Amino acid sequence: MAHDILIVDDEADIRMLIAGILEDEGMKTRQAGDADQAIAAVGTRRPSLVILDIWLQGSRLDGIQILAELKREHPNLPVIMISGHGTIETAVSAIKQGAYDFIEKPFKADRLLVLVERAIEAARLRRENEELRLRTGGQVELIGKSSAINHVRHSIEKVAPTGSRVLITGPAGSGKEVVARLLHARSRRADGPFVGLNCATMRPDRLEVELFGTEHGQDGLPRKVGTFEQAHGGTLLLDEVADMPLETQGKIVRVLQEQTFERVGGSSRVEVDVRVIASSNRDLPSEIEAGRFRQDLFYRLSVVPIRVPPLTERREDIPLLARHFMIRSSETAGLPARDYGEDAMAALQAYDWPGNVRQLRNVVDWLLIMSTGDPREPIRADMLPPEIGAITPTVLKWDKGGEIMGLPLREAREVFEREYLLAQVTRFGGNISRTAAFVGMERSALHRKLKSLGVHGNDKPPHKLAGD
């Protein structure tokens, strides 16, 4: 995605010179000759960067005053100051007020290009750091080797570079936002912003303000930049789009069609270049039939549909996910990571996971902090949270459950029979006749079975086989 640079200088030839340098490098430029034009240009669409002259002949505000106003409403907008009459004091003042750097006229084209690239890169890194702070520990990759998740991965690889709109469906917690972030990261807009808006958490009367922003002075508040404008040059995720009011849905249809919108309380059109990705855990065709979702919006959003499967359709991925989350959780909590016993892993794979991948991650966090025993020992099935333990097969709760689940059927049966018969012989004080009667075997057959399993007097001296 080409960077959008606003050049503010009172001299037209300087503006054209800078524009030519930048456009030769594939960037897009806009020009303004004074403060009012500059502020209006930023109001129309926030640029990637502003190159701002300090001394503006005949302008209502000089460059330092424009910088202060821009930083008040767009604190993360990078600005490079230029001047043919600069002093150290002027440069220091500009940097203190938030300018990225200061360059004197006449300047070399190479130096200008280096500053522009560095300023845009610094703004990108700052934006990414803010996103990471908001999403500490957030998963940014698809974990798994199942055919279901491989199909999703393949769809992402095919559609990400195209710029097409994508509708991501799937149950809550299945990883729809992860898919959206991967679509952005592997697109040609990867250097642009990724902005997400959860429509389900917004009050209907606030949703349009969040989407489109407000004009300066609306409701006595400073101008708010909406998510569409924040996402210019990048990707906007409309999360849980089915929760959007019908009236707002109609306005989204128009934005998708025209790539322009009006801020709340405003009258001028704002132009944006945004890729829209939507997600929902509802059946949108049913919502359309019920009159709760616009059919025209559905068709505009669902150019390429991607379905994210629930965890029950990819149980073979649970061991990989559980180990991945254990490593991540241990790094965050500063605790040693723990292994899983075969019985615990079998129980995790047998559970239905109504909260999907998100719930699995929460369970792993709980296990790392709350599970008992030596941290160097594997987690057993009986250490799992109550909601999982309640449906865990009884055999997995046995102290030999971990051993059995790691064996083929024949060997597991031998382990079980040996432990079972040893317990029964002990129960009846080593009396073979009474043991045989209880377990339903002939005395001679039980004797042979005990011998084949290695259960005899030498194993447990107190268990003398009585009745011989």
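**Exercise 1.** How many salt bridges does the structure hold?

*Solution.* The model is predicted, so local features need pLDDT of at least 70 and side-chain atom pairs count only at pLDDT 80 or more, while totals for chains, interfaces and linings use all residues. Residues are numbered from 1 along each chain as its sequence is written, and side-chain values use heavy atoms, with hydrogens and water left out. A salt bridge is a side-chain nitrogen of Lys or Arg within 4 Å of a carboxyl oxygen of Asp or Glu. The structure holds 29 of them.

**Exercise 2.** Find which parts the salt bridge between R45 and D4 ties together.

*Solution.* Step 1: the two side chains meet at 3.2 Å, N to O. Step 2: R45 lies in the loop between helix 2 (35–44) and strand 3, and D4 in strand 1, so the pair ties together parts that are 41 residues apart in sequence. Helices (H or I, at least four residues) and strands (E, at least two) are DSSP runs, numbered from the N terminus. Step 3: both R45 and D4 are buried. Buried means under 20% relative accessible area, exposed over 50%, and partly exposed in between (1.4 Å probe, protein chains only).

**Exercise 3.** In what order do the strands of the open five-stranded sheet stand?

*Solution.* Step 1: the order is 2-1-3-4-5, with parallel pairing. Two strands pair if DSSP finds at least two bridges between them. Step 2: strand 2 (28–32) and strand 5 (101–104) are the edge strands, each pairing on one side only. Step 3: strand 1 (residues 4–8) and strand 2 run parallel and are joined by five bridges. V8 has A32 in strand 2 as its bridge partner.

**Exercise 4.** Which residues of helix 8 are buried?

*Solution.* In helix 8 (residues 204–212), they are L207, E208, V209, E210, L211 and F212. G213 follows helix 8 and has a positive phi, near 75 degrees.
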